[in-house]
Amino acid sequence: MGWIGETMDSIKSLQIRQVLTQAVSLGMIVTSALIIWKGLMCITGSESPVVVVLSGSMEPGFKRGDILFLHMSKDPIRAGEIVVFNVDGREIPIVHRVIKVHERQDSGEVDVLTKGDNNFGDDRLLYAHGQLWLQRHHIMGRAVGFLPYVGWVTIIMTEKPIIKYILIGALGLLVITSKE
Amino acid sequence: MHSFGYRANALLTFAVTILALMCAMASLSDNLNTPSPTAQVQVLNINWFQKSTHGNDEVSMTMNISANLQSLFTWNTKQVFVFLAAEYETPKNSLNQVSLWDGIIPSKEHAKFWIHTTNKYRFTDQGSNLRGKEYNLTLHWHVMPKTGKMFADKIVMTGFHLPAEYR
C-alpha cells in the first residue's frame, strides 16, 4: 500500500515541466526503437531483418524460439543457403534451406527448390498448388546470423497477449513515475 | 534514487550487455580458426539414366564420399551441415545446382566420415541436356554457430562425365 501511495503522491507532485520531460523521454524511447528497426531494414535490404523461428523443421540447427538475422543482397541465390520465403496463400514466412538452383542463361532468373533439414521430403507440398519452384520474388532474405532463445519473448507475447499488455503498462508506468 | 526498481533495472541492463558482448566475442573468435578440410568423391556406378515423362533427364548414381571436416569445429560450433551438389551448365541455364546428398554433423568426432550412398535427392535436369554432360561435384558445408555469424565454404571436384546414352 505504501508504495502505491508514494507513487500517487509523486504523480500529484509533478509539475508541468516534469510532465513534458517525461512525455519527451517516452517519445524518445519509442522513436529510437523505430529508428533502429528502420535502420536495420535499410542496412540489410530485407523487409523484416529479424525473424523468429516458429517450427522445428530446421532442427537441430534452429529450434523454435531462435532468432535469425536476415540479409537481402543482390548476390545470386545458391544451394545450401538458408532462405526465408513467402508462398502465395500463406501468411507466415518459412525458413528453409535451398537444395536445388537453376539459373537462366539470358535473364538471370532463378528457380529454387527448398527443404527443411529436419523434414523428410522437399517443400513442393508446402508451395502453392502446382508450384514446382520458388522465384526470386518469393524470397525475403537469407539467414546470416543466429541468436538462440531470444525469440521466445515474441512467441510468448503473441500467444498470451495479456502478458504483452501487462509489460507495456508496467513500462509506461515506470517511465511516467520515474524522477530524473 | 536508489529504489528497488532502479537497482533491478541497472542489474538487468548490465547482465544483458555483458551477455551480448560475450555472444559477439564468441562469434568473432570463429575468425581465428583457419580450417583445412579435405574431401574426395568417387562415382562408382550410374544405376540408371533416362528421360522422365515430363521430358527431363534423370540419373541415379552410386557414390563414395569421404571427407575430413574436423578442422571446421570450434568451441562456438553447434553443427556442420554438409551436402554434395552436382553443378553444371546448360544452354538454357548458366548454373544448375542439384543437391545429391546431405548430412548433419553434430560433433567433431563425427566430422571424419566415409559413406557409400546412392543420391538421396533426385538428380533431375530442367530439360534434356544430361547426355555426355561434364559436371562438377562440389562438397559444400555450412557451419552453424552456437551464436553469431554462419560460415560457408566448399571444395569443388571437377571432371565428372555422364554417359553419352540413356541406360
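For my own record, residues are numbered from 1 along each chain as its sequence is written, and chains are lettered from A in the order in which they are written. Because the model is predicted, local features need pLDDT of at least 70 and side-chain atom pairs count only at pLDDT 80 or more, while totals for chains, interfaces and linings use all residues, and side-chain values use heavy atoms, with hydrogens and water left out.

Next I looked up the place of A:Lys100, which is in strand 4 (residues 94–104) of chain A; strands are DSSP runs of E, at least two residues long, numbered from the N terminus.

Does A:Lys100 have a partner of opposite charge, or what is the nearest one? I noted that A:Lys100 is buried yet has no salt bridge, and that the nearest side chain of opposite charge, A:Asp122, is 6.1 Å away. Buried means under 20% relative accessible area (1.4 Å probe, protein chains only), exposed over 50%, and partly exposed in between, and a salt bridge is a side-chain nitrogen of Lys or Arg within 4 Å of a carboxyl oxygen of Asp or Glu. I did find the backbone oxygen of B:Arg122 lying 2.6 Å from a polar atom of the side chain of A:Lys100.

I then turned to the whole interface, where 31 residues of chain A are in contact with 31 residues of chain B. The two chains bury about 2,600 Å² between them, 52% of it on carbon and sulfur atoms, buried area being the accessible area (1.4 Å probe) that two parts lose on being put together, summed over both.

Last, I checked A:Asn86, which is found in the loop between strand 3 (82–85) and strand 4 of chain A, and which counts as partly exposed because its relative accessibility is 25%.

Technical notes:
Helices (H or I, at least four residues) and strands (E, at least two) are DSSP runs, numbered from the N terminus. Lys and Arg count as positive and Asp and Glu as negative; His and the chain ends are not counted. A polar contact is a pair of N or O atoms within 3.5 Å; within protein, one must be able to donate a hydrogen and the other to accept it, and residues adjacent in sequence count only if both atoms are side-chain atoms. Contact means heavy atoms within 4.5 Å.
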